[in-house]
Amino acid sequence: MKTNRRCRALLAVSLNLMALLFSTTAFITTHWCEGTQRVPKPSCGKEKKTNCLNYGGNETANETNQNVVHYSWETGDDRFLFRYFHTGIWYSCEENINAAGEKCRSFIDLAPASEKGVLWLSVVSEVLYIMLLVVGFSLMCLELFHSSSVIDGLKLNAFAAVFTVLSGLLGMVAHMMYTQVFQVTVSLGPEDWRPHSWDYGWSFCLAWGSFTCCMAASVTTLNSYTKTVIEFRHKRKIFEQGFREEQNFLDQEAIKYFRERS
């Protein structure tokens, strides 16, 4: 029984650690959502000679360059670039069409005023989610390595299960609130930021993977607690039954002895 309980505790600790690593990584990265934004091509100049618009000047110099677009109201999407962007809880980063690299801005500033409260609530929930995961992980480690008795281990196990379940619920709520805020920002956000197309990124997958590992850890911890309690009750029942049988046997022997004496 002790070996099985230790294996279950080790599995719960491993799942909780994975949930903690995934959630922390997702919280600090900027790939919750990613896609493309349609932006006007910049004007051609001395430093910008490709993927730009020529407004009538230097036509002879640029007519051999296939990346230069001559300005016309009828060119449609030829006047636009599709730049890559990715967004996290804190920042939204976009491809810089005028230079190499990316430029980032605060996603909290991009969110509509009506959604800022929900976004901050999502941030607070994410922080509490990570903190409760740390508490649950610490309790599981104490139960695994420093528990001096089975009763103390059961108490730590129960508290670890409660904290892990609470953290999972907070994480689920936080992820759903962020998704809601992002979808509203796509519709009501600044004109120069609104995506042309987008999808969820690897940070979003990590966040929900963390939630899955968290709930698996809580189920494993509750399962370990329940099995240990059931085993103790079963052993206690067997002990009490044996004790009663032994007591009845002693009583019968005592009665027989006194009858013989009398």
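A search of the whole structure, which is a predicted model, finds 14 aromatic pairs. One of them joins F27 and W90 in an edge-to-face arrangement, with 5.6 Å from centre to centre and 80° between the planes. Because F27 belongs to helix α1 (residues 2-28) and W90 to the loop between β4 and β5 (91-95), this pair ties together parts that are 63 residues apart in sequence. F27 is buried, its relative accessible area being 12%. W90, by contrast, is partly exposed, with a relative accessible area of 28%.

W90 also forms an edge-to-face aromatic pair with W120, at 6.5 Å centre to centre and with 70° between the planes. This second pair links distant parts of the chain, since W90 is in the loop between β4 and β5 while W120 is in helix α4, 30 residues apart. W120 is partly exposed, with a relative accessible area of 43%.

The two ring pairs that involve W90 are set out below.

| Pair | Geometry | Centre to centre | Angle between planes |
|---|---|---|---|
| F27 and W90 | edge-to-face | 5.6 Å | 80° |
| W90 and W120 | edge-to-face | 6.5 Å | 70° |

Elsewhere, ring pairs connect W32, F85, F107, Y178, F182, W193, W198, Y200, F204, W208 and F211 into a cluster.

**Overall architecture**

The chain contains 6 helices and 7 strands. Read from the N terminus, its elements follow the order α-β-β-α-β-β-β-β-α-α-α-β-α. Of the 262 residues in the chain, 39% are buried. Among contacts between residues at least 6 apart in sequence, 71% join residues at least 24 apart. The chain exposes about 15500 Å², and carbon and sulfur atoms supply 61% of that area.

R83 is located in strand β4 (residues 80-87). Is this residue, R83, buried or exposed? Its relative accessibility is 7%, and R83 therefore counts as buried, the limit for that class being under 20%. A polar atom of the R83 side chain lies 3.2 Å from the backbone oxygen of D192. D192 is also listed among the residues that R83 touches; leaving aside residues up to four places away in sequence, the others are G35, T36, Q37, V39, E94, E95, I97, K103 and R105.

Helix α4 spans residues 116-145 and includes V124. Together with V127, L128 and M131, V124 makes a nonpolar surface patch of about 320 Å². V124 has a relative accessible area of 44% and is partly exposed.

**F163 in helix α5**

F163 lies in helix α5 (residues 150-188). At 27% relative accessibility, F163 is classed as partly exposed. Which residues does F163 touch, not counting residues up to four places away in sequence? They are L132, V135, G136 and L139.

Terms used: Residues numbered from 1 in each chain as written. Heavy atoms only, no water. Helix = DSSP H or I, 4+ residues; strand = E, 2+ residues; numbered from the N terminus. Buried < 20%, exposed > 50% of the residue type's maximum accessible area, 1.4 Å probe, protein only. Polar contact = N/O pair within 3.5 Å; in protein donor to acceptor, adjacent residues only side chain to side chain. Contact = heavy atoms within 4.5 Å. Areas by Shrake-Rupley, 256 points an atom, 1.4 Å probe, with all protein chains shown as cover. Patch = residues over 30% accessible without salt bridge, like charges linked within 9 Å, V, L, I, M, F, W, Y side chains within 5 Å. Salt bridge = Lys/Arg side-chain N within 4 Å of Asp/Glu carboxyl O. Phe/Tyr/Trp six-rings, centres within 6.5 Å; stacked < 30°, edge-to-face > 60°.
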